Amino acid sequence: MKSLKDLLNMFKLRAVEDIFTVILLYITWIILSGDISLSALLLGLIISYVAVLIIHSYFTRHVSKNIIVRFFYFIAFVITLAKEIIISSIAVARLALQPKLSFKPAIEKVPTIVEEENKLVMMTILGNSITLTPGTLTVELDPGEKVFYIHSLDIIEAEDKDDLREKMFGSLETAIRRAFK
């Protein structure tokens with residue numbers, strides 16, 4: 001049976017681990033509510049803390065801590081994703097506006113070079129990011145082999161797998177590895 005001191009120490013450690021998640025949820029609350037009155041700020045803080053007590057998972061603590069600590073890398077990832085979405089939108093618009101539709105859809109097997117630590121999280125974020133860019137859709141990912149199966153509107157001509165990975169992911173893969181390390 002644990003003593004009261006052990007339970008308090010465990011609670012303190014949990015509060016320290018969860019503070020990043022509380023901060024991230026609280027900032028989200030402030031942005032989404034748009035209300036900076038004292039009552040709204042207190043309500044947001046209480047709701048953020050209660051949500052963390054209910055959820056309390058390793059994933060939320062780890063990702064939240066990384067977002068706060070690695071904030072600039074996260075912002076760089078968001079900017080990179082926005083840039084890739086704009087570039088892909090222009091490319092898809094060009095394909096669609098051509099008088100003769102000459103694109104060749106294909107499903108490509110694309111390897112990734114994410115690290116083993118947080119591999120599944122990074123692969124999920126990368127797959128979702130690829131799906132957000134027009135003209136591509138992540139069909140499946142295989143964490144064991146570290147490969148994606150991606151449907152693209154037009155087949156990508158590549159010399160080898162590394163060239164294909166570079167053309168498909170662009171700078172997204174690097175931005176994700178930095179932001180969610």
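**Notes on the predicted model**

1. Helix 4 gives the most to the lining of the largest pocket, with six residues. Helices here are DSSP runs of H or I with at least four residues, strands are runs of E with at least two, and both are numbered from the N terminus. Helix 4 covers 71–97, and the other element that gives two or more residues to this lining is helix 6 (161–169).

2. Before going further: this is a predicted model, where local features need pLDDT of at least 70, side-chain atom pairs count only at pLDDT 80 or more, and totals for chains, interfaces and linings use all residues. Residues are numbered from 1 along each chain as its sequence is written, and side-chain values use heavy atoms, with hydrogens and water left out.

3. Overall, you are looking at seven helices and three strands, in the order α-α-α-α-β-α-β-β-α-α from the N terminus. Of the 181 residues, 31% count as buried (buried is under 20% relative accessible area, exposed is over 50%, partly exposed is in between, with a 1.4 Å probe and protein chains only).

4. There are three salt bridges in the structure (a side-chain nitrogen of Lys or Arg within 4 Å of a carboxyl oxygen of Asp or Glu). Glu173 pairs with Arg165, with the closest N and O atoms 2.8 Å apart, and both residues are buried. In the Lys83 and Glu84 pair, the closest N and O atoms are 3.9 Å apart. Lys83 counts as partly exposed because its relative accessibility is 41%, while Glu84, at 14%, counts as buried.

5. The remaining bridge joins Lys109 to Glu145, with 3.4 Å between the closest N and O atoms. This pair links distant parts of the chain, 36 residues apart: Lys109 sits in strand 1 (residues 106–111), Glu145 in the loop between strand 2 and strand 3. Lys109 is partly exposed at 35% relative accessible area, and Glu145 is partly exposed at 48%.

6. Most residues other than glycine have a negative phi. Lys146 lies in the loop between strand 2 (136–142) and strand 3 (147–152), and it counts as buried because its relative accessible area is 18%.
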